[in-house]
Amino acid sequence: MAKLRAGIVGAGISGATCAGVLAAAGWEVDIFDKARGAGGRLSTRRLDEGWATLGSPFISARRDPFRSQLREWVRQGWLEAVRGNIMKGRATVSWTQAQLQNHYRPLIEPSQLVRNLMGGARLHTLSRVTRLEPRTIILENGVVHGNFDCVICSVPTPQAIPLLAALPRLQERLQTDTRYQPVWSFIMRWEGGPSADVIQFEDELLNLAVRQFDSEGRWAVHSTTAFAETYLDASPMEASTRAASALMGLLGLPWPVEVEAAHLWKMARPTVQQGGFWLGDRENRVALIGDGIAGAGVERAWESGTRLAQALVQAETELAL
Ligand SMILES: Cc1cc2nc3c(=O)[nH]c(=O)nc-3n(C[C@H](O)[C@H](O)[C@H](O)COP(=O)(O)OP(=O)(O)OC[C@H]3O[C@@H](n4cnc5c(N)ncnc54)[C@H](O)[C@@H]3O)c2cc1C
């Protein structure tokens with residue numbers, strides 16, 4: 001019997017997980033991403049020495065099955081529970097006060113972790129998708145990939161809407177007012193300051209700083225949404241200068257802060273969700289997954305991809321949308 005075929009748009013955690021579950025069940029899976037590699041909002045920035053995360057610094061689980069999945073990734077050496085000292089404002093706080101229970105941080109590059117989830121699926125990088133049609137994915141360069149048993153789109157909602165022009169019923173069901181909050185994210189180094197590993201700022205400009213794995217002096221620093229909205233059109237240099245000066249003031253640092261990388265995530269976290277784990281158009285064999293559908297965060301994105309793949313595998317030739 002011919003293998004069932006899935007075409008997936010987006011190699012973030014939702015698309016990668018979906019791809020891996022389908023591939024493990026014997027489906028032939030092609031996954032297309034516009035970026036150079038896998039990861040999406042869990043992608044990694046390579047630096048002179050090592051790597052750093054500009055996206056989600058933590059992977060956390062509120063419930064099963066993701067909790068068991070994280071324990072398995074810990075066993076494989078991909079993650080470790082967040083440890084160390086946490087500061088909230090100027091006070092040292094406990095894990096519970098900081099709401100960091102069941103939070104893990106990656107020991108391998110998060111983009112590699114996401115890549116590992118794809119199993120035997122084929123990843124096509126630098127492959128921007130511009131249009132979806134029934135059972136079909138069309139790339140920016142005009143190449144058409146068709147005859148899929150299911151096309152799965154895992155990109156943030158505002159990026160999915162223009163891809164769905166040929167699928168008006170699905171487009172209509174998508175809550176087009178799904179907004180995403182932006183975040184400016186920086187990799188910084190500084191000397192002095194508090195001996196913490198995680199700093200939760202109580203500030204209008206900066207939100208969070210997380211010491212990077214295996215690095216004494218390197219931190220990931222995230223802005224607040226208000227900062228990102230103010231500096232939406234700023235250059236990385238301008239945003240970095242403003243964030244570094246805010247950080248020096250907050251931590252009372254005696255020396256200038258060095259900013260090694262800066263990235264604006266225009267769509268860091270959705271403010272609303274569709275409800276459910278996926279949105280499907282059974283007749284045209286297209287489904288939407290990801291945090292814009294299932295709700296903000298890595299756990300919901302993972303659940304979204306896993307649940308759709310499991311439903312497709314269970315339904316076999318019948319599309320379970
Ligand atoms: C700064 C920051 C901090 C965060 N902190 C946390 C946290 O502490 N805890 C938490 O749980 N979550 C956090 N999140 C959110 C979390 O990272 C996301 O919810 C999750 O990674 C979303 O995964 P996804 O697969 O739905 O989407 P994505 O990871 O966005 O994947 C979508 C993929 O689609 C690709 N794509 C888009 N358009 C196209 C196209 N036209 N053609 C081809 N490919 C395309 C993109 O390149 C991307 O790889 C944070 C996010 C950011 C940015």
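This is a predicted model: local features need pLDDT of at least 70, side-chain atom pairs count only at pLDDT 80 or more; totals for chains, interfaces and linings use all residues.

The expected span of a helix is 1.5 Å times one less than its number of residues.

**A helix and its neighbour**

H10 covers residues 298-315, 18 residues in total, and stretches 26 Å from the first C-alpha to the last, close to the expected 26 Å. Buried or exposed: how do the residues of H10 come out? Of the 18 residues, 13 are buried, so H10 is largely enclosed by the rest of the structure. Just after the helix, Glu316 has a positive phi of about 50°.

Two packed helices are described by the angle between their axes and the distance between the axes. Helix H2 (residues 66-75) packs with H10 at an angle of about 100°, and the axes are 11 Å apart. That makes the two roughly perpendicular. On the H2 side, Phe66, Gln69 and Trp73 make the contact, and on the H10 side the residues are Val298, Glu299 and Trp302.

The peptide bond from Asp64 to Pro65 is cis, with omega near 5°. Pro65 sits in the loop between strand E5 (59-60) and H2.

**The six-stranded sheet**

Six strands make up an open, mixed sheet in the order E10-E2-E1-E14-E21-E20. E10 (122-124) and E20 (279-281) are at the edges with a single partner strand each, so one side of each has no neighbour in the sheet. On average, and ignoring direction, neighbouring strands here are turned by 20° against each other. Helix H1 (residues 13-24) packs on this sheet and touches E1 (5-9), E2 and E14, with its direction at about 165° to that of E2.

Inside the sheet, E14 (residues 150-153) and E21 (residues 286-288) run parallel and are joined by three bridges. Val151 has Val286 in E21 as its bridge partner.

E12 (residues 136-139) pairs with E13 over two bridges, and Ile137 stands opposite His145 in E13.

Strand E18 (residues 218-223) is another story. Six of its six residues are buried, so E18 is largely enclosed by the rest of the structure. In a regular strand the side chains alternate between the two faces of the sheet. For E18, both faces are covered: Arg218, Ala220 and His222 are buried on one side, and Trp219, Val221 and Ser223 are buried on the other.

E18 has antiparallel pairings with E15 (residues 180-189) over five bridges and with E17 (residues 206-211), also over five bridges. Arg189 stands opposite Arg218 in E18, while Leu208 has His222 in E18 as its bridge partner.

Asp33 lies in the loop between E2 (28-32) and E3 (44-46). Is Asp33 buried or exposed? With a relative accessible area of 10%, Asp33 is buried, because buried means under 20%. A polar atom of the Asp33 side chain lies 2.8 Å from the backbone nitrogen of Ala35. Beyond its neighbours within four places in sequence, Asp33 is in contact with residues including Gly10, Gly12, His124 and Ser127.

Arg105 belongs to strand E9 (residues 103-106) and counts as buried at 14% relative accessibility. Its side chain reaches the backbone oxygen of Arg211 at 3.2 Å. Leaving aside neighbours within four places in sequence, Arg105 also has contacts with others, among them Pro57, Trp78 and Glu80.

Most residues other than glycine have a negative phi, and most peptide bonds are trans.

Key:
Residues are numbered from 1 along each chain as its sequence is written. Side-chain values use heavy atoms; hydrogens and water are left out. Two strands pair if DSSP finds at least two bridges between them. Helices (H or I, at least four residues) and strands (E, at least two) are DSSP runs, numbered from the N terminus. Buried means under 20% relative accessible area, exposed over 50%, partly exposed in between (1.4 Å probe, protein chains only). Contact means heavy atoms within 4.5 Å. A polar contact is a pair of N or O atoms within 3.5 Å; within protein, one must be able to donate a hydrogen and the other to accept it, and residues adjacent in sequence count only if both atoms are side-chain atoms. Axes are lines fitted to C-alpha atoms, for helices over the stretch in contact, and angles run from 0 to 180 degrees between N-to-C directions. Angles under 35 degrees count as roughly parallel, over 145 as roughly antiparallel, 65 to 115 as roughly perpendicular and the rest as oblique.
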